[in-house]
Amino acid sequence: MWLSPVENQSWISEFILLGFSSDPTSNRILFIVFLLLYLCSILSNGLIVALICLDMHLHTPMYFFLCILSLLDMGYVTTTMPQMLVHLLAHSQTISFARCWLQMYMFGALCLTESLFFAVMAYDRYVAICYPLHYTVILSWGLCTRLTAGTWACGFFFSLIHTFFTMRLPYCGPNTVNHYFCEGPSVRSLACMDTHLIEIVDLVISVFVAVAPLSLILASYICIARAILKIKSIKGRCKAFSTCASHLTVVSIFYAPATYIYMRPNSSCSPEQDKQIALFYNVFTALLNPVVYSLRNKDIKGAFLKVMGRSWLA
């Protein structure tokens, strides 16, 4: 049951984020490692955005969606990494209740948006392979814009519900969060009341933003597989499959750890394991996405060489 203000005499106004280590030497090493990872994530995703904007040949629905994905990656890694880097060197590891609320909301909004956005990218591949002659007609710029705006609106809306229910819980101590940022389940475990109802709300949200997109992705790739099998030449099949391989890779990297974190009861949580998994889908996913797309994409490589050639000539 909810605690009334009379029953709770000491509401906390800030949280303490434990992070990964309390040893100053280890923290300095982690600071250098995470700073390099953060800079690589920002620079690599920023490079993809710049290349897509600069090269007219990349102004297609597929690369428009890739540009949005890179912006999402840059956004949600920035909601957590700068705060963690400051805490690795600072003596105080506190974060105010309001800043914790904002960080939880923005991180959730961008992650949920990306989860939904992968379904849009799967639809793009479905149209490109199953209806190649009508690709630009079906995926008009108007539709691309509406699909993108719709995923962002849903992501921010569902994150608002998640954050509202989590942060309106009574927190009367302790205020130590065993994590490196204000992640929903970790903060919720400090509430001085039963959180079973909130876990059900989170599970329902997870169905909308994880199970539903995954189902659409699966359906899209079943249709894509059927279309590829109808191609007679092996070379044609390989070319068609290669256009989907990058998307399938980043979907697997993102959904596997995120689903493990959010679609299970709090009772099965292991704080140290949760931090490692969260670090993977927060930091390493943002770093690996541009690597996966650039290494397997001749257009991105060509655009990079073209831009570098112009810079060299200038």
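This report describes the fold, surface and cysteines of a predicted model.

## Overall architecture

The protein contains 11 helices and 3 strands.

Along the principal axes, the C-alpha atoms occupy a box of roughly 70 × 45 × 30 Å. Among contacts with a separation of 6 or more, 80% are made by residues 24 or more positions apart.

## Burial, surface and charge

Of the 314 residues, 47% count as buried. The accessible surface amounts to about 15600 Å², and carbon and sulfur atoms contribute 72% of this area.

The charged side chains comprise 19 positive and 14 negative groups. The centres of these two sets are 20 Å apart.

## The disulfide between cysteine 100 and cysteine 182

The structure holds 2 disulfides. One of them links cysteine 100 with cysteine 182, at a distance of 2.1 Å between the sulfur atoms. This link is left-handed, with -125 degrees about the S-S bond. Cysteine 100 belongs to helix H4 (residues 97-130), while cysteine 182 is in the loop between strand E3 (176-177) and helix H7 (184-188), so the bond ties together parts that are 82 residues apart in sequence.

Both partners are buried: cysteine 100 has a relative accessible area of 0%, and cysteine 182 has one of 1%.

## The disulfide between cysteine 172 and cysteine 192

Cysteine 172 is joined to cysteine 192 by a disulfide with an S to S distance of 2.3 Å. Cysteine 172 lies in the loop between helix H6 (141-167) and E3, and cysteine 192 lies in the loop between H7 and helix H8 (196-229); the pair therefore ties together parts that are 20 residues apart in sequence.

Cysteine 172 is partly exposed, at 24% relative accessibility. Cysteine 192 is likewise partly exposed, with a relative accessible area of 23%. With bonded cysteines counted along the chain, the disulfides of the protein follow the pattern 1-3, 2-4.

Cysteine 40 takes part in no disulfide, and the nearest cysteine sulfur, in cysteine 67, is 20 Å away. Cysteine 40 is partly exposed, with a relative accessible area of 41%.

For cysteine 144, the closest cysteine sulfur is also that of cysteine 67; the distance of 12 Å is too far for a bond, because a disulfide requires sulfur atoms within 2.5 Å. Cysteine 144 is buried, with a relative accessible area of 0%.

How values were computed: Residues are numbered from 1 along each chain as its sequence is written. Side-chain values use heavy atoms; hydrogens and water are left out. Helices (H or I, at least four residues) and strands (E, at least two) are DSSP runs, numbered from the N terminus. Buried means under 20% relative accessible area, exposed over 50%, partly exposed in between (1.4 Å probe, protein chains only). Contact means heavy atoms within 4.5 Å. Accessible areas come from the Shrake-Rupley method with a 1.4 Å probe; for residues, only the protein chains shown count as cover. Lys and Arg count as positive and Asp and Glu as negative; His and the chain ends are not counted. The place of a charge is taken as NZ of Lys, CZ of Arg, CG of Asp or CD of Glu.
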